[in-house]
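Student: I have a structure open and want to learn how to read it. Can we go through it together?
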Amino acid sequence: MLANIGQLLTLSSSSSGSRRGAALNELSIIRDAAVLCLGGKIVSTGTTKSALADPWLKKHRKKLTEIDCDGKVVIPGFVDSHTHPAFVLPRLIDFEKRISGSTYEQIAESGGGIRSSLESVRGATKQLLANHVLSAFQDMAAMGTTTVEAKSGYGLTVEAEIKSLEAIGQAAARWPGTVVPTLLGAHVVPPEFRGRSRDYVAAVCNEMIPSVARKKLASFVDVFTERGAFSLDETKLIFQAARQNKLGVRAHVCQLSQCELASLLDDRPASLDHVDHISNHDVARLATTDTIATLVPGANYFLGLEKYPPARKLIDSGVAVALATDYNPGSSPTASMPVVLSLACTHMKMSPEEAISAATINGAHALGLGTRKGTIEPGKDADLAVFEVTDYREIPYWFATNRCAFTVLNGTITLKDNELPFFVGS
Ligand SMILES: [Zn+2]
């Protein structure tokens, strides 16, 4: 049991869907609060006073692990719904080239970018990859994240994509949080298929997706839909193959250039991510669907872009938005959801309340986990992030300083200095 919580942001709501418009500002805060968790689930929330007066608790209190939160702020664990952790090396040459003026696309054309991560991932053992992925998950948890969507996408052969997803699975088995694996075989066309993107798409559809589905290694299939990567028509083909193999779909869209989203929305993607250059027409269309627009401003920051995703336009038009890190070696090497929240507030003019809702319950909906994750309500998974602040607005305010005291992941506590986890209750 966590007691003496200064502000408990439950985000509870009578509606079970994703949050849009004004509902993004509703955090349902309980002051002087307590949360009781048992067997990895949330059992009850309320004031500390009412919790301590509860007859069941009085009887069983000695058997519970009780943590005095001493006025700290507790929020639902962040759901980081867009990450690329299956890589080995940082991309320092790209970093320096960008500093001296090259653009993302110029770097990709000269052999840098996504393609430059291929060699090390193809050559790595599954164990080495799994260790890298696990270390990313641990960094994320230390900053408040309890659920992570993790993509493959730096192998780009059937064998290397399967190895990447198996490495994600191995890391997930060693981490107490929740991991949702995604196949991103269509990240870019690998060098051996240069000029033959149609053949590569056929390999993704006819070999990669069916073998990943057969081995149950992924829940979703993702596509990088962009000039220099995959066209809308190719994306459609990959979506169809995913559907035939009973996998969900999502895509990176409009990151660098505008594209028409109507044809993709027919496949009901769980999320469309980036959407920096989305047209007004598509904003209106997206607002009528359940597809989440996942915004990843860490990439805009790291690429040194002046323009950020149009969060205000999306929210004010009724689109359900989520926030994620886009953790990856090329454009967003950060595991920090609090930094992303800070960027959302300062550069996208989202309120702290909107940013927290987007990073929790809407992230959960983007992964199809809205009924299990993203709010602190009885019956949901015991995923909590405890911050050493007295007001939740300090979470985006103290940017790049980790104020997360500890996280509870499916009932298991992880401490900042990686002390051994232990269960809350039993
Ligand atoms: Zn991405």
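Student: How many cavities of 30 Å³ or more does the structure hold?

Tutor: Start with the general idea. Rolling a probe the size of a water molecule over the atoms shows where empty space is left. This model is predicted, and it holds four cavities of 30 Å³ or more.

Student: What volume does the largest cavity have?

Tutor: About 110 Å³. Its lining counts 14 residues, and the closest to its centre are His84, Tyr104, His187, Asn328 and Ser331. By class, the lining has eight polar, four nonpolar and two charged residues.

Student: Which residues line the second largest cavity?

Tutor: Among them are Arg91, Asp94, Arg98, Tyr104 and Gly330. The volume of this second largest cavity is about 40 Å³. Helix α4 (104–109) gives the most to the lining, with three residues. By class, the lining has three nonpolar, two polar and three charged residues.

Student: His84 came up at the largest cavity. Which residues coordinate the zinc ion?

Tutor: His84 is one of them, with His82, His252 and Asp326, at 2.0 to 2.5 Å. Each histidine uses its NE2 atom, and Asp326 uses OD.

Student: Why is the arrangement around the zinc ion called irregular?

Tutor: Compare with the ideal. Four tetrahedral donors have ideal angles of 109.5 degrees. Here the four donor atoms subtend angles of 82 to 169 degrees, so the arrangement is irregular.

Student: Where do His84 and His252 lie?

Tutor: His84 lies in the loop between β6 and α3, and His252 in strand β10, so the pair ties together parts that are 168 residues apart in sequence. Both His84 and His252 are buried.

Key:
Residues are numbered from 1 along each chain as its sequence is written. This is a predicted model: local features need pLDDT of at least 70, side-chain atom pairs count only at pLDDT 80 or more; totals for chains, interfaces and linings use all residues. Side-chain values use heavy atoms; hydrogens and water are left out. Donors are N, O and S atoms within 2.8 Å of the metal (3.2 Å for Na, K and Ca); water is not among the atoms, so sites may look incomplete. Four donors count as tetrahedral if all angles lie between 85 and 135 degrees; four count as square planar and six as octahedral if opposite donors are over 155 degrees apart and all others between 65 and 115; anything else is irregular. Helices (H or I, at least four residues) and strands (E, at least two) are DSSP runs, numbered from the N terminus. Buried means under 20% relative accessible area, exposed over 50%, partly exposed in between (1.4 Å probe, protein chains only). On a 1 Å grid over the protein atoms alone, a cavity is a set of points where a 1.4 Å probe fits but cannot get out, and a pocket is an open set with protein on both sides within 12 Å along at least five of seven lines; lining residues have an atom within 4 Å of a point. Grid points are joined across faces, edges and corners, and a volume is the space filled by probe spheres set on the points. Ala, Val, Leu, Ile, Met, Phe, Trp, Tyr, Cys and Pro count as nonpolar, Asp, Glu, Lys and Arg as charged, and the others, Gly among them, as polar.
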